[in-house]
Amino acid sequence: MVSPRRAAASLTICTILALFALLPGVAGAQQGLQFGAHTAGDPYSGNIDATTGLEGAIGRHVDIVHWYQNWGAGAYGSAVQPSWIGAVTATGRTPLLTWEPWAPGGSAQPNYRLQRIVQGSFDAYITSWANALRSIGTTIYLRPMHEMNGDWYPWGGTVNGNSPALYVKAWRRMVDIFRKRGANNVRWVWSPNNFDVPASNRLESYYPGSSYVDVMAADLYNWGSAKPQWGGWQSFSQIFSGVYRRLSALGPQPIWIGEVGCAPNGGDKAAWIRDMFAQARSMSRLKAIVWFNVDKELDWRAAPTAAIAAAFAPGAVSGLLRGLDAASGDGTATERAPAGSSSDPAEAVSSQPTLQLTVGRHARAGRYASVRWKATQAGSVRRWHVYLNGKRVRAIASNKPPVLRRLVPRAGRNRWTVEGRDARGHKVVAASRGFFVRR
């Protein structure tokens, strides 16, 4: 989470050129980018109220809810909590759980050496997680041992008696245990830091292989003027383009940004955020951005001011592009899109897959309730996963009728959730709707 690169202007010439490359008629614009957030408090209280509040503040849907659990947090905090996961999935969102083998407090922790994981000292604990997540049934993205190519966590390859080879063995051991227990609903997210510390500690040395990784990710922060020794103010391209190329060369999996934040000092944070979304559209492998929405080392929050919050709105990028076009002052007319298409990149993104649910009314406990769904722009969906109150009840092929009836045992508030998944099992679209059941 620290950077050795020099400070630079927030919008370089290369950045401007990249933004103009997104104008209509240029191939490579990205569709379907998901947005996630780690927001303090969620879902530890069994709800995601802070996440829904964030949505209202920034005018952007939060597709992914991210939280952290460490192995040394005691019997409760270190165990799978179905109510936390259910609070996320019941609203149609994707759970992303960072799983940390340590007791927070430094990298020198012999109890959590990678060798102990490799030799089986934690097999019982890992198995308990595999069993618990399997029983929940919903798809869960699990991100163990992130930022391993740094020196600040006890699973890092250059500290605590570790090595990159031990990291690979430990990772594979965890995945193999989950597979043996049938926890095939778990997706494995491998997430190095965006740069290596030290420089010789190459992230490539930690890659477990394509058969052991479902998603590749990277963590990156713009530290601004508060931390000049960590690179100062840097553009999104400076902190991400290099690791994006390196991850792309490793395997075919989708790429996420597992953590990202921008400092409030040293440049224009709102412009930085707009630039981030604009550049993301030219990166076809990038499928999700997860914002670190916490006031921690610095104020990384997404909505500390109205101007910063507005930068997250889906239409904000088009304003940036129009501003750059006007600033060129060369009198050249903007190229028009073909008839019937959108000339606004923000409008193009709004044509992402959508899903509408219709639920049966006047349901009674112990009787059947129904849900129907209608999707647009969702041709890549191969199976529909249907959940009732956070528990998956059916997987339906996309060529089957989009309807399901199920006995509802409990009265009161209930919720249907439908997810469309592609051939690789990745979520393409999702929606959720509540309904009331009478006694």
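First, the ground rules. Residues are numbered from 1 along each chain as its sequence is written, and side-chain values use heavy atoms, with hydrogens and water left out. Since the model is predicted, local features need pLDDT of at least 70 and side-chain atom pairs count only at pLDDT 80 or more, while totals for chains, interfaces and linings use all residues.

**The chain as a whole**

The protein chain carries twelve helices and 16 strands; these are DSSP runs numbered from the N terminus, with helices being H or I of at least four residues and strands E of at least two. Of its 439 residues, 51% count as buried, meaning under 20% relative accessible area, with exposed being over 50% and partly exposed in between (1.4 Å probe, protein chains only). Take the contacts with a separation of 6 or more: residues 24 or more positions apart account for 75% of them, a contact being heavy atoms within 4.5 Å. The accessible surface comes to about 18,300 Å², and carbon and sulfur atoms own 51% of that. Those areas come from the Shrake-Rupley method with a 1.4 Å probe; for residues, only the protein chains shown count as cover.

Two cis peptide bonds and two positive phi values are worth a look in your viewer.

| Item | Backbone value |
|---|---|
| Asp 42 to Pro 43, cis | omega near -5 degrees |
| Val 197 to Pro 198, cis | omega near -10 degrees |
| Met 145, positive phi | about 50 degrees |
| Glu 147, positive phi | near 50 degrees |

Pro 43 sits in the loop between β1 (34–39) and α2 (49–58), and Pro 198 in the loop between β5 (186–190) and β6 (215–222). Met 145 belongs to the loop between β4 (140–144) and α7 (164–180), and Glu 147 is found in the loop between β4 and α7. Met 145 is buried at a relative accessible area of 0%, and Glu 147 is buried at 1%.

**Rings and charges**

Searching the whole structure turns up 33 aromatic pairs; rings of Phe, Tyr and Trp (its six-membered ring) pair if their centres lie within 6.5 Å. One aromatic cluster includes Trp 71, Trp 99, Tyr 112, Trp 171 and Trp 188.

Two arginines also go over rings. Arg 60 lies over the face of Phe 277, 4.0 Å from the ring centre, while the charged end of Arg 179 sits over the ring of Tyr 212, 5.0 Å from its centre. The criterion is NZ of Lys or CZ of Arg within 6 Å of the ring centre and within 35 degrees of the ring normal.

Key. Phe/Tyr/Trp six-rings, centres within 6.5 Å; stacked < 30°, edge-to-face > 60°.
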